[in-house]
Amino acid sequence: MLERQRIKGRNTVTFVLPEDSPQGSVSVVGDCNPWNPAAHPLEPGGDGTRTVEASLPANSSHSFRYLAAGDYWFDDEPAS
């Protein structure tokens with residue numbers, strides 16, 4: 001799931017996943033961070049989710065995927 005908030009000409013996007021699905025570490029990897037898996041790891045939020053925020057230019061499109069432990073790539077289907 002994605003949550004978006006516009007602040008001063010930029011969009012803050014929060015990437016949200018369940019804390020236990022998939023198992024292990026997960027990162028957001030995309031053109032927002034030159035496809036660097038270490039740039040945006042999701043962290044537990046204490047509410048059963050894990051999240052990470054990214055600041056992106058407003059009025060623009062971006063591509064991303066999630067990368068989980070074991071080299072497991074997956075998409076955020078509702079964001080497609």
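At 84% relative accessibility, Lys8 counts as exposed, where exposed means over 50% relative accessible area, buried under 20%, and partly exposed in between (1.4 Å probe, protein chains only). The model is predicted, with local features needing pLDDT of at least 70 and side-chain atom pairs counting only at pLDDT 80 or more, while totals for chains, interfaces and linings use all residues. Residues are numbered from 1 along each chain as its sequence is written, and side-chain values use heavy atoms, with hydrogens and water left out.

Lys8 sits in the loop between strand 1 and strand 2; strands here are DSSP runs (E, at least two residues), numbered from the N terminus. Its C-alpha atom is separated by 8.9 Å from that of Ala58, a residue 50 residues apart from Lys8 along the chain.

Two strands are taken to pair if DSSP finds at least two bridges between them.

Strand 3 and strand 6 run antiparallel and are joined by five bridges; Val28 stands opposite Tyr66 in strand 6. Strand 6 also pairs with strand 7 (residues 72–74) in the antiparallel sense, over three bridges, and the bridge partner of Leu67 in strand 7 is Trp73. Strand 6 and strand 7 make a hairpin with three residues between them, where Gly70 in the turn has a positive phi of about 80°. Strand 6 is mostly covered, as four of its five residues are buried.

The largest nonpolar core has 14 residues, of which Phe15, Val26, Val28, Leu42 and Tyr66 touch the most other members. Such a core is a set of buried Ala, Val, Leu, Ile, Met, Phe, Trp, Tyr and Cys residues joined through side-chain atoms within 4.5 Å. Strand 2, strand 3 (26–30), strand 5 and strand 6 (64–68) each give two or more residues to this core. Leaving aside neighbours within four places in sequence, Val28 is in contact (heavy atoms within 4.5 Å) with residues including Phe15, Leu42, Val52, Phe64 and Tyr66.

The largest pocket holds about 220 Å³ of space. Its lining has 14 residues, and those closest to the pocket centre are Leu2, Arg4, Val13, Leu56 and His62. On a 1 Å grid over the protein atoms alone, a pocket is an open set of points where a 1.4 Å probe fits, with protein on both sides within 12 Å along at least five of seven lines; lining residues have an atom within 4 Å of a point. Grid points are joined across faces, edges and corners, and the volume is the space filled by probe spheres set on the points. Strand 1 (2–7), strand 2 (10–18) and strand 5 (49–57) each supply at least two lining residues. The largest share, three residues, comes from strand 2.
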